[in-house]
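This briefing walks through selected features of one chain, grouped by topic. Please read it alongside the sequence and the coordinates.

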Amino acid sequence: MISRKSKPVDYYVRLVYSNSFTRESMEIYRQKARDAEEFVCIEQDQLPAGQHMIEFLSATNRTLPGIVAEMKRSFGFVLDNTFDHHLVPVYIEKLFDLCLEVRKIHPWWAASLPLGQLWKNINDYSFYSIHPSPYLIETYDEVDRLLNEETCWRTVVDSLQSVISRLDAYIHCLKSFEDALTFCLDKSTLEPLSGLSTLQRAFVFQSFFDDLLLNSSNVKLTLHLQETGSSPLGTTVTRTHLHGSDESYLQATENKNMDFNSIFYGSQAIGEIRDLVSMVEGKKVEMGVSIILQSPDDIYMVCSYSFFRLLCSNVRIKRCRNCGEYFVPLNRSDEQYCCRMQKNGKRCRDLDYSDKIDTDKLLSIYRTAYKTHNARKQRTKKNNINAEEKFKSWIVFAKQLLEHAKAGELSIEEYSELIRK
Ligand SMILES: [Zn+2]
């Protein structure tokens, strides 16, 4: 049962858009330990503005529908078999695992789908439902136990229901975002729109296809000044710092409003401020806008904001010539490759400069190896009854290699070395 599993830790994702408008950075914070109030920055990367959303949309639209369909099947069972003590707990555990699967799709999901409360509800339910219940051993009151079990079951069902309907809504909403992305920003599609700007295309999309797109979102932005290029990796922040204060800005400033004239020209604290001034001198400071992802609604908010920025900066997105995924060109409009890391540890972009994949060459290596293996089969088949079988399995192997090489996961040297075997 679920109680054997430990409570999942919380994550926060902070997106920082600096005043350069061309790049954005993503910081991932992980809770230091279960129930800890402190979070540590475990990852940071910087990509062209809008690229994080593009990758989020393609990862989600590829995987989320399948997971949600499975959730609905298991949830249907839980609803139909209220007090099946053997199978309902199994299905509830499976549903919890599926929630964890969703969190693995992308860091934005990990941050926006906190599971602590659901985990607690499920644990409460198992306390009363497992046999023999620890509760029963203490009190021997079966009627009470059943009542408690029913209440807890109801709570679990309600919280699962709310997760599933939220995810279900996102399936449609995020598909529409991806469509809008192609419609508004991909110049190579929809020839009749070629004379329109990105904003004009967005207007057509919103008016005709999806009047709800970008139509409502409370974007919770934080503005702050920061040192240019300072990395938060490894730094620790507290939950309240990430959440922001509940106290309104107006009330907060009242307490901080010190008279700078008396500080600068008076006798108090003058050293401190002078130290700070000399520290800032010679350092580059930029203005950042940041958004924190922490609850399910934040996914919609951050997609809307990223999309808004993409539309306003009039960028055009392209499909990468290597992996076929969308990317935002950063330096030149004629860029052909994205900066995604492939399985071979190289970025698609690196191919642009070094060994571009030469499909003809890969095929000719394949043909040569095929002839060699075929000739060997002919020579040996009289003495070796497995020769035909061996040759067939070599073909399967060689075709897989060819696919890997085409995908840029093998260099030409590695490929021609391996295919000879
Ligand atoms: Zn690529």
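A residue is called buried here if 20 or more other C-beta atoms lie within 10 Å of its own, exposed if 12 or fewer do, and partly exposed in between. The model is predicted, and under that criterion buried residues make up 24% of the 421 residues in the chain.

**Overall make-up**

- The chain contains 16 helices and 8 strands.
- Taking the contacts between residues at least 6 apart in sequence, 65% join residues that are at least 24 apart.

**The pairing of H4 with H6**

- Helix H4, which comprises residues 116–129, packs against H6 at an angle of about 155°, and the two axes lie 8 Å apart; because angles over 145 degrees count as roughly antiparallel, H4 is described as roughly antiparallel to H6.
- The crossing in which H4 passes H6 is left-handed.
- The residues of this contact divide into 8 nonpolar, 6 polar and 3 charged.
- On the H4 side the contact includes Leu118, Ile122, Tyr125 and Tyr128, while the H6 residues that take part include Cys152, Trp153, Val156 and Val163.

**The loop between H6 and H7**

- Ser188 lies in the loop that connects helix H6 (142–185) with helix H7 (198–208), and it counts as exposed because it has 11 C-beta neighbours inside 10 Å.
- Although Ser188 and Arg319 are 131 residues apart along the chain, their C-alpha atoms are separated by 9.4 Å.
- Leu190 is found in this loop between H6 and H7 as well, and with 14 other C-beta atoms within 10 Å it is partly exposed.
- The phi of Leu190 is near 55°, which is a positive value in a residue other than glycine.

**The two sides of H7**

- Arg201, Ala202 and Phe205 are buried in H7, and because they cover an arc of only 100° around the axis, they fall on the same side of H7.
- The buried residues of H7 pack against H6 and against helix H12 (297–312).
- The face of H7 turned away from its buried side carries the exposed residues Leu199, Gln200, Ser207 and Phe208.

**A positive phi at Asp35**

- Most residues other than glycine have a negative phi.
- Asp35, although not a glycine, has a positive phi of about 70°.
- Asp35 is found in the loop between strand E2 (23–31) and strand E3 (38–48), and it counts as exposed because it has 10 C-beta neighbours inside 10 Å.

Conventions
Residues numbered from 1 in each chain as written. Predicted model: local features only at pLDDT ≥ 70, side-chain atom pairs only at ≥ 80, totals over all residues. Helix = DSSP H or I, 4+ residues; strand = E, 2+ residues; numbered from the N terminus. Arc of directions from axis to C-beta. Contact = placed C-beta atoms within 7 Å. Axes fitted to C-alpha atoms, helices over the stretch in contact; angles between N-to-C directions. Parallel < 35°, antiparallel > 145°, perpendicular 65-115°, else oblique. Left-handed = near helix turned anticlockwise from the far one by under 90°. Nonpolar A, V, L, I, M, F, W, Y, C, P; charged D, E, K, R; others polar.
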